[in-house]
Amino acid sequence: MNEIFQGLLEAVGLILSFDRDLVDITLRSLQVSLTAVAIATAIGAPVGSWLAVTRFRGRRQTIAIVNALMGLPPVVVGLFVYVMLSRSGPLGVLGLLFTPTAMIIAQVIIATPLIISISHQGLRELWAQYHDLLISLNTTRWQRMRTLIWDGRRALLTAALAGFGRAVGEVGAIMIVGGNIDQATRVLTTAIALETSKGNFSLAIGLGLVLIALAIAVNMAIHNMLRTERASLW
Amino acid sequence: MKSILPGVVSNASARRRGVNLVGPVDLTVSGPGTTMIIGPNGSGKTSLLRMMHGLERVRSGTVSWAVPTEQARQHQAFVFQTPILMRRSVVDCIAYPLIVRGVPKKQARVAAAEWAQRVNLGDTLKQPASSLSGGERQKMTLARALVIKPELLFLDEPCASLDGRSTREIEDLLAQARADGTTIVMSTHDLGQARRMADDVVLLLHGRIHETGKAQEFFHNPSTDEGKSFLAGGIVE
Ligand SMILES: Nc1ncnc2c1ncn2[C@@H]1O[C@H](COP(=O)(O)OP(=O)(O)O)[C@@H](O)[C@H]1O
Ligand SMILES: [Mg+2]
């Protein structure tokens with residue numbers, strides 16, 4: 001008990017003194033996850049809006065598959081990306097294994113289905129409102145998608161935030177493809193795992209507090225978005 | 001520019017999930033002027049308008065125009081009973097149909113602002129469309145319909161949920177549009193409105209056209225018992 005309390009105090013000290021390692025690791029986490037989420041949103045928003053405005057055979061099944069992919073175990077995604085990027089794998093020549101890029105790839109795979117699913121839900125509602133008007137105005141499919149993406153940007157931001165929350169807190173995949181290399185691929189979650197196993201509680205707790213703060217900030221932002229979305233005039 | 005009129009509805013009906021919405025009906029819209037579609041709730045007024053505009057698929061028969069349908073659609077606009085608002089400012093809502101047609105944004109906004117003035121929404125340009133009152137919303141959608149200068153304007157009970165003053169404003173705007181050469185096809189269950197605005201009348205019952213005629217003739221001397229009863233304010237089933 002005393003040890004934990006001691007750790008907590010030291011952790012706060014680390015945070016308040018902007019401990020070099022802690023800052024490095026936090027920034028790397030942000031860099032990897034924000035990049036991954038930007039890419040995943042760039043893929044997920046158009047796909048979500050395409051799913052909203054397009055009727056095709058197998059649409060329900062496609063949506064069911066996307067929803068199922070949300071439940072992909074990160075460890076398995078990590079394994080898959082590892083196999084693809086490993087030296088003998090199909091993309092081995094790129095030499096990406098154990099780099100931040102590999103971690104970004106893994107997080108893109110993890111976050112994209114979630115972002116597609118959430119943006120599709122939001123944009124589908126918007127499409128139900130807009131449908132008759134946009135058909136009446138002879139819009140092209142492309143124009144419909146763009147209109148939904150623009151007018152539904154709050155829903156998309158919500159989706160992106162949820163994707164970020166998932167990506168930044170994930171450990172299984174990036175541990176495998178990143179290798180948790182000091183100064184190179186170590187991020188909040190993998191560092192916590194390592195420091196804990198080393199018995200280095202103060203840094204582990206400090207990192208944990210930062211991660212929790214990020215998660216809370218993201219969830220509060222989502223909550224606010226949804227509330228203003230509902231109440232807002234836009 | 002070649003006129004899209006006459007529009008000819010020939011033995012056409014629309015169906016949804018096996019339910020007949022309207023038809024089969026025959027109707028010719030030659031313009032100019034206002035054709036008023038009247039009839040009790042559920043008689044198929046909305047469905048007929050939607051079918052003519054291409055929002056309901058024609059399941060049998062045809063709806064045809066003097067030009068190919070795709071081209072004809074470019075010169076039509078539709079005002080829905082419940083205003084469809086976009087999550088945009090008033091001016092951007094009105095500009096949207098122009099933007100869709102490739103008009104540069106600035107130019108579209110200028111034209112939209114002019115239309116907003118004309119429908120007395122000049123003070124609300126920057127407000128979210130959803131901040132407008134019911135009557136203002138319908139005026140906004142009317143401006144959005146007219147901004148493309150349609151040759152043919154469909155309106156589905158545009159004043160159904162409006163108070164007297166808003167109704168009068170809409171009617172004045174429509175009279176102006178009609179004077180400017182826009183052919184109007186609209187539905188109403190307000191007989192007073194039909195009397196005030198109609199050049200031609202179409203009485204729908206049970207998805208079928210029961211009686212058509214010039215407004216004067218219809219209102220003075222309807223040729224069917226149901227027509228007489230409907231005018232007398234009786235319940236027509
Ligand atoms: N989406 C729909 N699905 C099934 N039936 C419908 C739908 N919309 C309307 N109907 C039916 O079609 C008929 C005509 O409706 P409608 O065109 O809305 O009439 P009106 O506008 O004159 O009140 C009614 O019997 C109505 O119940
Ligand atoms: Mg109706």
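In the predicted model, strands β1(B) and β4(B), the latter covering residues 58-64 of chain B, pair in the antiparallel sense over five bridges. Two strands count as paired if DSSP finds at least two bridges between them. Helices (H or I, at least four residues) and strands (E, at least two) are DSSP runs, numbered from the N terminus. Within this pairing, B:S13 has B:S60 of β4(B) as its bridge partner.

The model is predicted, so local features need pLDDT of at least 70 and side-chain atom pairs count only at pLDDT 80 or more, while totals for chains, interfaces and linings use all residues. Residues are numbered from 1 along each chain as its sequence is written, chains are lettered from A and ligands numbered from 1 in the order in which they are written, and side-chain values use heavy atoms, with hydrogens and water left out.

Strand β1 (residues 7-16) of chain B also pairs with β2 (residues 19-29) of chain B. This pairing is antiparallel and runs over seven bridges. Here B:A12 is bridged to B:V25 of β2(B). The hairpin of β1(B) and β2(B) has two residues between the strands. In this hairpin, B:R17 takes a positive phi near 45°.

Ligand 1 is surrounded by residues of chain B, among them B:R16, B:L21, B:P40 and B:K45. A residue is near a molecule if one of its heavy atoms lies within 4 Å of it. By class, the shell divides into two nonpolar, six polar and two charged residues. Ala, Val, Leu, Ile, Met, Phe, Trp, Tyr, Cys and Pro count as nonpolar, Asp, Glu, Lys and Arg as charged, and the others, Gly among them, as polar. Helix α1 (residues 45-53) of chain B gives the largest share of the shell, three residues.

An oxygen atom of ligand 1 is 3.0 Å from a polar backbone atom of B:G44. For side-chain N or O atoms, the distance from a ligand oxygen is 2.6 Å at B:T46 and 2.5 Å at B:S47. Taken alone, ligand 1 exposes 550 Å², and the protein buries 63% of that. Accessible areas come from the Shrake-Rupley method with a 1.4 Å probe.

B:K149 lies in the loop between α5 (134-146) and β6 (152-156) of chain B. B:K149 is exposed (over 50% relative accessible area), at 67%. B:K149 and B:G181 are 32 residues apart in sequence and 9.7 Å apart in space, C-alpha to C-alpha.

Key
Polar contact = N/O pair within 3.5 Å; in protein donor to acceptor, adjacent residues only side chain to side chain. Buried < 20%, exposed > 50% of the residue type's maximum accessible area, 1.4 Å probe, protein only.
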